[in-house]
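This report concerns a predicted model. Please examine the sequence and the structure shown here before reading on.

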Amino acid sequence: VVLFPIAYRKPILILIIQYGTSSSTSAHKFNSKTMAEDDSIPEPILKLRKKSAATHLRNFDSSGEERANNNDRKRPHEESNNVGNGSKLLCQEIGLESNQDPPARERPADGNWPQRESLSFTRSLVFYGNGSITPEHETAAKYIEEARALRKKYFVGDGVKCQLNTENGKSNKCEYVFSSTGVCEIYDASDFRRTNNLITVPSLESFVKDYQRLVEVSSSGAMRSFSFQRLQLLDSAFKMHTTINGSAEDEAQSGLLGTDFYRTMKVDNHIHLAAAASAKQFVNFVRDKLENEGDTVVTEDGQTLKEVFSAAGLDSEHLTIDAFNVLADYSVYQRFDNFNSKYSPFRMAQMRKIFLKTDNHIEGRYFAELTKIVLARHEQGKGHKSGAEMRLSIYGMERNEWLQLSKWLLRDWQTGDFPGNMLSSHNRWLVQVPRLWRVYHKKGKGTVSFQDMLENLFGPLFEATLFPEEHPEVAELLKHIVGFDSVDDEGSLEMSYICSRPSYAHTFLRSLYRHTQLYYLWANIEVLNKLRKTKGLNTFAFRPHAGETGDTMHLAATYMLCSSINHGINLDKQVSLQYLYYLDQVGLSVSPLSNNFLFRKIKSNPFPKLFKSRGLNVALSTDDPLLFHMSDDALLEEFSVARASFDLSMTDISEIARNSVYQSGFEDHLKKEWLGVNYKKGVTHCDEHKTHVPLIRAKFRAEHLALEHSMVILLARGKGKTVLKDMMKTFGEARNANRSILFENMTDVPSFPEQNQL
């Protein structure tokens with residue numbers, strides 16, 4: 001163990017670095033660069049290295065799974081130690097013990113960390129000296145604790161009261177009522193007076209007050225300065241980690257035999273169904289239909305497909321990607337209206353309705369067949385192993401939207417290349433709710449309220465949950481929904497906020513404030529989840545669009561309410577919220593290619609800063625392949641562009657893929673298959689043979705996250721002086737250890753500048 005203390009006057013910055021042999025968790029290969037250059041290694045050692053690798057290779061069967069080793073030494077809190085004879089000889093040759101377990105994945109149950117003759121990983125811990133922790137830091141830490149308590153109140157559910165449980169929830173006969181508050185209420189069927197609401201959530205007034213408090217503390221100078229400082233230190237720590245451990249990570253990853261990036265699971269967490277096909281797939285599909293089904297009646301007025309094209313002055317010669325005009329270009333940058341028009345081939349709304357809608361004369365048959373083509377690519381695993389979470393739209397304009405959608409999704413389609421319903425082992429459905437109440441309000445000529453929209457959105461869901469025998473199609477559909485999204489142009493003008501009930505005040509406002517709309521969606525989803533959980537049914541995550549453009553404080557509302565969000569690139573403009581998203585590992589599903597065309601050019605995209613340097617829970621997604629991607633495999637294209645643009649290593653992109661599985665709504669048994677049986681315990685407990693993320697990277701992320709939390713908690717409790725005292729003691733020990741290592745290992749120490757500092 002080598003300790004390098006670096007001291008300044010005030011404040012004192014101590015970097016304690018521990019490093020040793022680089023050891024893959026499976027192959028335990030020796031990283032020669034930590035001791036000598038490759039060309040200086042004796043030939044016998046090089047032969048032993050090759051022999052070690054060959055021995056490990058024989059420990060795998062043809063399927064890539066590692067064979068059991070009867071000599072493995074396993075502990076409950078540590079991973080198995082599979083060391084081949086070649087590795088033992090190599091360890092003996094370089095003077096290391098070969099029977100050492102790799103580092104523990106977590107603190108052992110007895111509290112005693114196992115001793116190691118050699119360390120596999122480098123840790124860089126950043127300490128402070130006298131004067132570096134101030135009362136302002138303690139104030140900021142208290143603000144952070146307050147903000148995290150707000151998230152627990154809403155997202156975690158500490159502020160939600162439920163009188164139902166898994167025992168009485170199934171037996172009690174309940175009824176629902178949409179109150180004037182805009183939130184559904186649940187009552188026992190015998191409670192005729194409606195006096196005891198069985199599931200209550202914080203009120204709108206309470207949410208607005210908490211939201212404004214979060215905005216206030218996030219904007220405070222103390223919290224912004226502290227958050228910026230901590231994020232900068234995370235930047236520095238990761239740079240040091242990759243500088244020292246880059247080759248170690250690469251070697252550890254190369255030892256994870258039987259898997260690679262292409263064979264590990266990655267999920268496209270954010271993809272809109274109407275744009276899920278690539279432009280090439282879409283054009284080929286339309287050409288096939290025009291050539292083979294030109295006489296099919298596709299409109300309500302009796303026009304055939306061929307007649308629709310002829311009336312528009314189009315023929316087969318126009319069936320090119322350029323003529324379709326669906327690919328994004330410079331015209332959509334900062335123009336959401338132009339972007340939306342790209343969904344319509346030839347800029348014709350009728351074409352969009354025929355091919356990309358479920359409610360048309362052919363009952364959405366073309367849309368279903370096109371969707372099946374996209375799903376088939378994931379199922380067949382062409383190119384790499386992947387899954388998707390596609391979005392279906394529910395607008396809340398009509399009461400029967402859910403029934404129509406369920407019939408379309410569950411229908412046994414017998415046409416096209418892939419007959420059957422729209423369910424897939426490699427896709428989970430989310431429902432997106434466009435925040436377009438202003439359009440709905442205009443369509444109703446001012447006679448309808450936001451309450452009407454909420455009842456259309458959630459009424460059928462409560463009915464299908466409480467009375468599934470009366471609504472079998474919707475009840476079945478809900479089994480295959482994993483979450484809700486909320487989409488809108490965040491850059492559009494917002495009205496001044498008015499805290500009022502949705503049943504009357506919003507009949508004359510053009511637009512609701514976004515955080516208010518998010519509250520109403522969250523509140524009803526939360527009540528629905530509590531009800532469904534008591535009945536043993538699946539529940540739904542809330543994963544809206546936020547932080548793509550517009551007011552950065554949209555991200556404050558989603559921090560309070562959501563498990564993850566789509567985009568989130570505006571976090572680089574608000575360091576306090578960025579640090580909160582890091583501490584609670586709120587998921588971000590970022591789409592750099594989409595951002596490049598719409599709001600943020602790739603060269604200024606904060607993706608590498610958020611993910612790589614600072615360790616936020618970030619995944620890559622495609623958003624709208626029809627508009628933004630050139631290949632049929634949009635997700636792989638997204639990874640390729642990100643790797644080249646942001647200088648990502650193979651460990652980086654494997655970590656991104658792992659994050660995508662964490663954020664996804666796939667079932668627990670599938671996540672165990674893709675991440676490892678103990679994945680819920682944390683990233684260090686993921687099986688690196690499944691994720692292809694070496695334990696060295698997982699340990700770095702986990703340890704620094706834990707250290708940040710411990711620092712915040714100590715400062716918030718007023719323990720700043722205690723922290724400084726311990727850190728100064730640690731500095732002294734590190735300095736003395738460095739001196740002892742130097743003078744105990746050399747009898748004649750040459751002089752060097754500032755030697756007296758030791």
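The sections below treat the cysteines, a sheet with its helix, and the nonpolar cores.

## Cysteines

The predicted model contains 0 disulfides. Cys162 takes part in none, and the nearest cysteine sulfur, which belongs to Cys174, lies 9.3 Å away.

In terms of accessibility, Cys162 has a relative accessible area of 30% and is partly exposed. Cys562 is buried, with a relative accessibility of 0%.

## Sheet and packed helix

Four strands form an open sheet with parallel pairing, in the order 12-13-14-15. Its edges are strand 12 (545-546) and strand 15 (618-620), each of which pairs on one side only.

Strand 14 (residues 587-590) runs parallel to strand 15 and is joined to it by 3 bridges. Within this pair, Leu588 is opposite Val618 of strand 15. Helix 24 (residues 650-663) packs on the sheet, where it touches strand 13 (564-567), strand 14 and strand 15. The direction of helix 24 makes about 100° with that of strand 15.

## Nonpolar cores

The largest nonpolar core comprises 151 residues, of which Ile186, Phe355 and Trp408 touch the most other members. Helix 17 (residues 514-534) supplies the largest share of this core, 10 residues.

Leaving aside residues up to four places away in sequence, the contacts of Trp408 include Leu273, Phe367, Leu392, Trp413 and Met422. Another core, of 9 residues, lies apart from the largest one; among its members are Met265, Phe666, Tyr679 and Cys686.

Definitions and conventions:
Residues numbered from 1 in each chain as written. Predicted model: local features only at pLDDT ≥ 70, side-chain atom pairs only at ≥ 80, totals over all residues. Heavy atoms only, no water. Disulfide = S-S within 2.5 Å. Buried < 20%, exposed > 50% of the residue type's maximum accessible area, 1.4 Å probe, protein only. Pairing = 2+ DSSP bridges. Helix = DSSP H or I, 4+ residues; strand = E, 2+ residues; numbered from the N terminus. Contact = heavy atoms within 4.5 Å. Axes fitted to C-alpha atoms, helices over the stretch in contact; angles between N-to-C directions. Core = buried A, V, L, I, M, F, W, Y, C linked by side-chain atoms within 4.5 Å.
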